Amino acid sequence: MKGAIVYNGFWNREGPSDPVQRLQKAAAKRGIPLAALPNTALTAMFGPDGPAVLGLPEANFVLFWDKDVRLARTMEACGVRVYNAAEAVAVCDDKAATHLALAGGGIPMPRTLVAPMTYLQMDQPGEGFLTLAEERLGFPMVVKECYGSLGGQVYLARNGTELRGLAERMAARPFIAQEFVASSAGRDIRLYMAGGRLIAAMRRCSDTDFRANIGGGGRAEAYTPTAEEIHLAARCCSLLKLDFGGVDLLHGEDGRPLVCEVNSNAHMAALTACSGVDVAGAILEHVLGRETERG
């Protein structure tokens, strides 16, 4: 058996990222060669003979550590088994789509409003949405671009002027406005799941930012989640059809967990370091188990 792992060639021009290297090492320990390929080395091609992916070596499966959904869908159309599946990656990559899918399953989450789609910067036609967001969510208010990673496209609006400034800055980029959960400011919980089971969990904290992302200066510590939190994370992965992923939880005023977001290819270095759990190895075990079942 052999596999491949696809990563973003634009963000990682010098070669495979840390998660990709960890997954390659985990595969090697299990005697599985895992070729690391940037998405820029692969090309989806369509024609009268059907779809094809140029540059893809022979592989039993592909770990898709990127968000190039068109490429992933083409691989699937060619009969390649992709983990996570293209549709799961697409839904997790779009925060509005994530919340829509989870809301349909009754998942507890902060109140969330989706800005109307626009091809221009949000001007007068969008004023109605901004006013509604003020009325329904109040301030401070979390504003998130629908597409973003590592907390870099998540903002805090403290008043109407800041909200409108953010809307103007985002121009035609889709975004959501979300209730600020003060009881969890600068703190969240990440549960890493595979096959519906908990691999490991950590608490992330920041003393200087309302976001707890490690890349933004947050710190991590091992965390033992409650049965309720584990069940909630597993339910999210089931609804989103994820084989593996990171589920980020906030805690509301009553202490109950709220789903903040779900990542189809969450980083694992901090979690591995603070928990001592081989997250990459657990992901590989799940994928290889699925491959064995499929025969």
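**An exposed glycine and its surroundings**

Mentor: Glycine 276 has a relative accessibility of 67%, and therefore counts as exposed. Please keep in mind that this is a predicted model.

Trainee: Where is the place of glycine 276?
Mentor: Glycine 276 lies in the loop between α8 (269-275) and α9.

Trainee: What separation is there between the C-alpha atoms of glycine 276 and alanine 200?
Mentor: Those C-alpha atoms are separated by 8.9 Å, although glycine 276 and alanine 200 are 76 residues apart along the chain.

Trainee: How many bridges join β12 to β13?
Mentor: Four bridges join these two strands, which run antiparallel. As an example of a bridge pair, arginine 203 has glutamate 221 in β13 as its partner.

Trainee: What is the order of the strands in the open sheet of four?
Mentor: The order there is β2-β1-β5-β6, and the pairing is parallel. The strands at the edges, β2 (34-38) and β6 (81-83), each pair on one side only. In this sheet the twist averages 25° from one strand to the next.

Trainee: And how many bridges are there between β5 and β6?
Mentor: β5 and β6 pair in the parallel sense over three bridges. Leucine 63 stands opposite tyrosine 83 in β6.

Trainee: Which helices pack on that sheet?
Mentor: Helix α1 packs on the sheet and touches β1, β2 and β5, its direction making about 160° with that of β2. Helix α2 (residues 69-77) also packs on the sheet; α2 touches β1, β5 and β6, and its direction makes about 170° with that of β5.

Trainee: Changing topic: how many residues does the largest nonpolar core have?
Mentor: The largest nonpolar core has 27 residues. Those with the most contacts inside it are Leu23, Leu63, Trp65, Tyr192 and Ile283. At least two residues of this core come from each of β1 (3-7), α1 (18-29), β5 (61-65), β11 (187-194), β12 (197-205) and α9 (279-294).

Trainee: Which of these supplies the largest share?
Mentor: Helix α9 does, with six residues. There is also a second, separate core of 21 residues, which includes Cys92, Leu102, Ile189 and Met193.

Trainee: One last topic. At what angle do α3 and α4 pack?
Mentor: Helix α3 (residues 86-93) and helix α4 (residues 95-103) pack at an angle of about 105°, and their axes are 5 Å apart. Angles of 65 to 115 degrees count as roughly perpendicular, so α3 and α4 are roughly perpendicular to each other.

Trainee: Which residues make the contact?
Mentor: From α3 the contact involves Val91, Cys92 and Asp93, and from α4 it involves Lys95, Ala97, Thr98 and Ala101. By class, the contact of α3 with α4 has four nonpolar, one polar and two charged residues.

Notes. Residues are numbered from 1 along each chain as its sequence is written. This is a predicted model: local features need pLDDT of at least 70, side-chain atom pairs count only at pLDDT 80 or more; totals for chains, interfaces and linings use all residues. Side-chain values use heavy atoms; hydrogens and water are left out. Axes are lines fitted to C-alpha atoms, for helices over the stretch in contact, and angles run from 0 to 180 degrees between N-to-C directions. Angles under 35 degrees count as roughly parallel, over 145 as roughly antiparallel, 65 to 115 as roughly perpendicular and the rest as oblique. Contact means heavy atoms within 4.5 Å. Ala, Val, Leu, Ile, Met, Phe, Trp, Tyr, Cys and Pro count as nonpolar, Asp, Glu, Lys and Arg as charged, and the others, Gly among them, as polar. A nonpolar core is a set of buried Ala, Val, Leu, Ile, Met, Phe, Trp, Tyr and Cys residues joined through side-chain atoms within 4.5 Å. Buried means under 20% relative accessible area, exposed over 50%, partly exposed in between (1.4 Å probe, protein chains only). Two strands pair if DSSP finds at least two bridges between them.
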